[in-house]
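Open the model in your viewer and keep the selection panel at hand.

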Amino acid sequence: MAADAFVWIGGALLGLVVGSFLNVVIHRLPRMLEAQWAQAPHEQAPDDSPSTLPPRQPYNIAVPGSHCPHCGHVLPWAEKIPVLSYLVLQGRCRACHAPIGWRYPAVELLTAGLFAWSFSRYGLSATALAWAGFAAALVTLAAIDADTTLLPDAITQPLVWSGLLAASLGLSQVSLTVALWGAVAGYLFLWSVYWLFKGVTGKEGMGQGDFKLLAALGAWLGWPALLSLVLIASLTGVACGLWLRLRQRMPEDGYIPFGPFLALAGAWVMALGTLPGLPV
């Protein structure tokens with residue numbers, strides 16, 4: 001028992017560290033992409049790209065160092081300890097006292113929980129690391145899509161290929177054939193819904209990143225999980241839309257990103273399995 005506790009506690013601590021890094025990716029990757037689009041005027045940026053101005057160079061995941069976006073205060077290591085620094089600073093910058101978003105510790109705690117689950121279920125193994133990495137990608141994609149309505153190819157495409165690789169190595173509990181058809185069917189399903197909706201209404205109901213995300217979920221979880229994934233994502237999306245409408249917080253264009261609900265469905269099926277009673 002003590003050894004098992006050591007493994008999942010170690011997984012949770014690793015998740016806290018990874019979650020801190022994910023916060024950097026969530027904040028910077030969309031801005032890095034927009035900077036690339038600004039440098040290539042002949043390439044049109046997607047309609048759902050972030051609204052922030054492209055940052056000055058150099059700007060990437062590593063540079064510049066972590067700092068307060070309000071006053072530019074560079075964070076020393078003592079102010080970058082996951083969750084603990086947020087609590088000690090009482091959610092405010094030490095230099096200018098501007099509020100620090102609650103999502104920073106939330107992402108760290110969520111990632112820690114998902115890592116703890118992975119290691120408690122699969123022990124200290126390559127399988128645990130594979131599922132922890134899958135969960136980390138879902139957290140990142142959900143947060144970026146919620147912020148910017150963008151699902152970057154830099155994450156979705158490797159997630160598809162890593163799912164197929166995990167299946168081929170026996171790390172994801174699905175065969176390579178089931179994973180391959182999961183990726184194909186996942187992409188084609190939302191692709192078909194997109195064109196059907198556009199043909200009927202003349203509007204785009206979702207972004208093409210959603211196709212790739214469902215393909216990635218199919219690659220990791222297999223084609224039998226697709227119906228559960230779509231149902232969970234759709235029902236939670238509708239519930240969220242109704243809640244926003246009741247609270248009068250619905251966006252003016254009425255558009256809610258679908259990626260966070262797909263990511264939620266993926267984490268649900270990963271941890272709890274497919275919905276009971278569905279045909280496969």
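Axes here are lines fitted to C-alpha atoms, for helices over the stretch in contact, and angles run from 0 to 180 degrees between N-to-C directions. The model is predicted.

**First stop: α4 and α7**

Select residues 126–148, which form helix α4, and residues 208–221, which form helix α7. The two axes lie 12 Å apart, and the helices pack at an angle of about 165°. Angles over 145 degrees count as roughly antiparallel, and α4 and α7 are therefore roughly antiparallel to each other. Look along the pair for the handedness: α4 passes α7 in a left-handed crossing.

Now show side chains. On α4, pick Ala130, Trp131, Phe134, Leu138, Leu141 and Asp145. On α7, pick Asp210, Leu213, Leu217, Trp220 and Leu221. These residues make the contact. Colour them by class: nine are nonpolar, two are charged and none is polar.

**Second stop: α7 and α8**

What is the handedness of the crossing in which α7 passes α8? The crossing is right-handed.

For the contact, select Leu214, Leu217, Gly218 and Leu221 in α7, then Leu226, Leu229 and Val230 in α8, which they meet. By class, this contact of α7 with α8 has six nonpolar residues, one polar and no charged.

**Last stop: α7 on both sides**

Finally, select Leu217 and Leu221 of α7. Both belong to the contact with α4, and both also meet α8.

Note on methods. Residues are numbered from 1 along each chain as its sequence is written. This is a predicted model: local features need pLDDT of at least 70, side-chain atom pairs count only at pLDDT 80 or more; totals for chains, interfaces and linings use all residues. Side-chain values use heavy atoms; hydrogens and water are left out. Helices (H or I, at least four residues) and strands (E, at least two) are DSSP runs, numbered from the N terminus. Angles under 35 degrees count as roughly parallel, over 145 as roughly antiparallel, 65 to 115 as roughly perpendicular and the rest as oblique. A crossing is left-handed if the near helix is turned anticlockwise from the far one by less than a right angle, and right-handed if clockwise. Contact means heavy atoms within 4.5 Å. Ala, Val, Leu, Ile, Met, Phe, Trp, Tyr, Cys and Pro count as nonpolar, Asp, Glu, Lys and Arg as charged, and the others, Gly among them, as polar.
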